[in-house]
Amino acid sequence: MFNSFVIADIKEGEQIYQSICFTCHGKFLEGGTGFNLMDSVWVHGEQPETILQTLKNGFPEKGMMAFGTIYKDEQLNSVIDYIFSKQAGLRNLQYKIIHTIPSDTKNIDWFSIPATKQGELKPAFINNKLPEVDRFAMTYKGDLLLSEDGPYVLKMRAEGAPEIHLKINGTEVALDFNRNSISQMLQLKKGKHLFEMSYHKTSDYYALEASLEKKGLPTIALSMDTYESMMTQTHILTAMDKPYVVRKHIQQLPAKSIAIAFPEKINTAIDPEFATINALWYGAFLDVAPNINGRGNNPSIKLGEVVFSDQPSIQLLIDGRSTKVNYLKYSTLQQPEFFFKYDEDKFFSIEISAQGQALHLHYKFNPAPKSVDLQLPEQVNLVSKDGQRQSNLFQVSQKKTSSFQLLISK
Amino acid sequence: MKGSISVVVYILYLSLLTYANPKGYHITTIETPKDTLFHVTGLDISKDSTVYCATRYGDVWTYTDNTWTLFARGLHEPCGLLIDSDGSVVVAQKPELTRLVDHNKDGYADEYILMSSAWEFHNNYHEFNFGVLKDKLGNYIGTLNLAHNDPEALKLSTMVSRGGYRGWAYKVTPQGEYIPFAKGLRSPAGIGFNDVEDIFYTDNQGDYVGTSMLCQIKQDAFYGHPVSLLDAGYNREQIKQMSLETLDQMRTLPVAWIPHQEIANSPGNPEWNNTKGKFGPFEGQFFVGDQTNSNIFRIALQKVGDNYQGVVINFMEGFQCGNIRLKFSPAGELYVGQTGRGWMSKGPALFGLQKVTWDGAQPFEIQDVKLTKDGFDISFTQALDPKTVSNDNLIATQWWYAYHEKYGSPKVDEHPSTITSIQLDQHHKRLHIKMNLTEKQVYCFNFSKFRSQTGEFLVNSKSYYTAVNLIQ
């Protein structure tokens with residue numbers, strides 16, 4: 001890939017990049033509010049033609065400007081050439097997973113053992129979380145790209161003393177572990193190197209941090225664990241012109257919770273199993289990146305100021321008791337409204353909307369119960385004409401039990 | 001990398017892809033909505049040919065006249081979608097089975113109605129809810145994945161459960177009653193009906209599953225993964241004490257073993273070909289996609305005694321991404337929903353939608369393999385060149401898979417089969433193989449040295465027949 005570049009092109013590209021693009025994508029292409037452009041992850045496509053379209057048309061709604069009216073295609077192509085010249089890290093990384101571990105693993109050549117599974121890693125990072133078994137070995141083989149001459153410092157951190165072997169350009173690199181960490185100098189030239197590594201898991205741990213560092217350059221992640229820990233990438237859900245009702249794995253909320261964002265930047269969640277309002281927070285709604293990247297093992301993050309989440313929550317007491325409810329449905333026809341049934345033939349709903357900086361809750365019962373109370377988290381403000389608050393209990397007026405409304409805020 | 005592949009290499013690559021697939025079948029990529037994470041894990045097509053996709057991101061989109069429209073959003077990693085007879089849409093999302101209704105007919109769902117959530121969901125990433133079938137009685141059918149890496153769950157080997165019907169198949173009646181009806185499922189990523197509404201599911205190779213498999217889901221049956229027994233009256237200690245022999249005796253064997261890597265690593269839903277010939281010569285067979293291998297294979301069924309047995313034959317390769325959902329359109333096109341996130345796929349794209357169309361050209365393929373009393377009947381889509389048909393040119397092997405807590409099984413006792421004779425019928429399209437037979441064997445025939453009358457060779461030359469039982 002490097003040999004096709006014309007140096008003059010890169011110079012102009014560099015100039016444009018370093019006067020415009022760097023503000024979002026970083027001086028070293030390491031990313032910022034924009035994506036990292038030196039790694040192997042290409043969110044909008046990696047072919048030069050696709051990148052050119054991205055540069056020309058942008059993604060204005062995501063903050064990426066359209067540069068097609070400012071620069072000629074040749075100029076934008078020179079930016080692409082510059083970006084390609086700055087690529088660093090692993091590419092074309094092939095992996096093998098080995099489930100059948102020989103009894104004696106000393107001096108073993110893992111590359112010669114038949115693989116249980118194999119393929120190419122995308123993105124191209126060492127990833128020991130791929131196998132779903134307790135004991136395994138993995139091998140990795142691919143290209144290591146560097147945009148500058150070394151020396152580089154290889155940093156690794158591996159809990160549980162796994163057996164790791166590394167070869168660069170066919171030569172074994174003697175890894176010098178100090179307890180579970182490595183920090184050792186490697187003399188590597190700019191260009192493409194053959195990278196081979198084997199990993200044998202010998203304990204319950206499989207997390208592996210691995211990176212190359214050079215003074216004055218951003219860290220080059222080699223493993224998925226390092227990449228994820230460096231990631232500044234987010235995926236933020238937000239309510240634009242109407243409420244956004246979302247079910248995801250969300251930090252500090254029960255598994256079946258339903259979260260609701262309002263354009264007023266006020267957010268809440270309801271636990272359908274108990275009809276409790278179990279969160280209130282102010283700000284952009286959710287960063288769902290942890291829940292939609294990779295296998296989605298990690299919870300989405302609530303953004304902004306959290307007033308309460310999970311416990312304590314706004315709990316409903318019907319006729320003086322915590323009643324078992326059956327959740328039925330929600331409607332988004334107008335404001336989000338959640339419907340429930342209890343005692344076989346009795347119904348109620350909770351309509352939720354935003355009113356300024358307060359959450360507007362409208363409870364509707366059919367038939368009207370004798371009494372309704374709400375248990376409240378201490379830290380919330382409550383405004384309502386339909387009942388009385390006594391410390392953490394809101395008692396609905398007897399005449400209002402068929403329909404009552406309240407405003408909740410911080 | 002980027003831009004470095006020369007045009008020549010690329011054309012060569014394309015021609016190789018074309019080469020690898022049966023004549024007459026073509027893959028078309030459908031452009032998905034711009035800037036949208038479009039991992040298609042739920043797929044159905046209405047009678048008027050509108051395509052409905054549920055995405056792992058949590059959206060439902062409709063596609064008609066080359067235009068995508070957002071129909072619903074905010075779902076929890078849905079892994080199944082069904083267009084119901086009243087036009088509403090049923091989605092299997094992780095915490096519940098949900099009906100989406102567009103009351104005001106503005107093209108966007110405004111009601112999300114709970115149909116059932118009677119199982120437990122603990123926010124574990126692996127606790128998928130796969131679906132959805134609807135039978136003639138109006139029951140909705142789905143399957144629940146086991147969990148992984150949950151320290152509070154019962155763990156014997158790899159996949160785990162805290163209970164709450166993880167590892168079960170379930171029905172939800174029209175009245176909303178939840179009926180779990182079969183257990184022992186591991187990672188049951190796809191279900192499908194055959195022509196008479198028998199229910200089949202595929203499971204992924206792993207602990208207690210020697211290789212990926214297609215099973216018929218029968219009432220109260222157990223398919224091998226013990227942690228699901230937490231909801232069948234056993235406690236954790238009792239399950240830990242159970243021997244493999246005991247579990248094996250309880251186990252219902254698959255309709256077909258799907259050889260690991262040769263055919264599949266992580267199969268999706270079995271889609272029955274009922275296109276009345278619009279999709280070529282493979283009517284009345286299952287088509288199944290594979291998420292890892294990014295291929296599609298076929299499974300043809302045969303009833304032996306009370307049970308189905310099946311033959312697995314590869315079909316097409318070279319898809320852009322992992323194939324998890326298949327659905328035939330009314331026009332007989334096979335739509336392919338794809339994802340490559342988390343569990344990587346050979347196809348390089350991260351997500352997408354493609355379709356397979358047939359242009360009417362006759363491919364040269366193995367049509368079907370049927371067990372007989374003393375061997376197998378094999379039919380081909382075109383006449384064979386008799387000069388190439390001989391015992392010497394036929395490579396036949398057989399093996400079985402072990403049942404154990406280890407992750408997958410190698411081929412056990414793989415050895416050449418003993419063929420007594422082979423005989424071609426008068427039309428040269430059917431082959432009778434006489435051979436020694438043993439029950440519980442996968443019989444693999446490799447016809448790579450056979451040629452058609454016109455000199456073509458088979459693109460997919462291997463068949464894998466799972467003979468759990470023999471014909472008495």
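Entry 1. I noted at the outset that the model is predicted.

Entry 2. I looked up the contact between chain A and chain B. I found 56 residues of chain A in contact with 48 residues of chain B. The area buried between the two chains is about 4,500 Å², and carbon and sulfur atoms give 49% of it. On the chain A side, A:Glu132, A:Arg247 and A:Arg295 lose the most area to chain B, together 17% of what that side buries.

Entry 3. I then checked the polar side of the contact. Between chain A and chain B I counted two salt bridges and 17 residue pairs in polar contact. A:Arg247 forms a salt bridge with B:Glu96, with the closest N and O atoms 2.8 Å apart. S20(A) gives the most to the side of chain A that touches chain B, namely five residues. That side divides into 25 nonpolar, 15 polar and 16 charged residues.

Entry 4. I followed S20(A) across to chain B. Three bridges join S20(A) to strand S9 (residues 111-116) of chain B, and the two run antiparallel. A:Tyr330 has B:Tyr112 as its bridge partner in S9(B).

Entry 5. I turned to strand S35 (residues 462-467) of chain B. Five of its six residues are buried, so S35(B) is largely enclosed by the rest of the structure. S35(B) pairs antiparallel with strand S34 (residues 441-446) of chain B over six bridges, and with strand S24 (residues 307-316) of chain B over two bridges. B:Gln441 is partnered by B:Ala467, and B:Val311 by B:Tyr465.

How values were computed
Residues numbered from 1 in each chain as written. Chains lettered and ligands numbered in written order. Predicted model: local features only at pLDDT ≥ 70, side-chain atom pairs only at ≥ 80, totals over all residues. Heavy atoms only, no water. Buried < 20%, exposed > 50% of the residue type's maximum accessible area, 1.4 Å probe, protein only. Helix = DSSP H or I, 4+ residues; strand = E, 2+ residues; numbered from the N terminus. Pairing = 2+ DSSP bridges. Contact = heavy atoms within 4.5 Å. Buried area = accessible area lost by both parts, 1.4 Å probe. Salt bridge = Lys/Arg side-chain N within 4 Å of Asp/Glu carboxyl O. Polar contact = N/O pair within 3.5 Å; in protein donor to acceptor, adjacent residues only side chain to side chain. Nonpolar A, V, L, I, M, F, W, Y, C, P; charged D, E, K, R; others polar.
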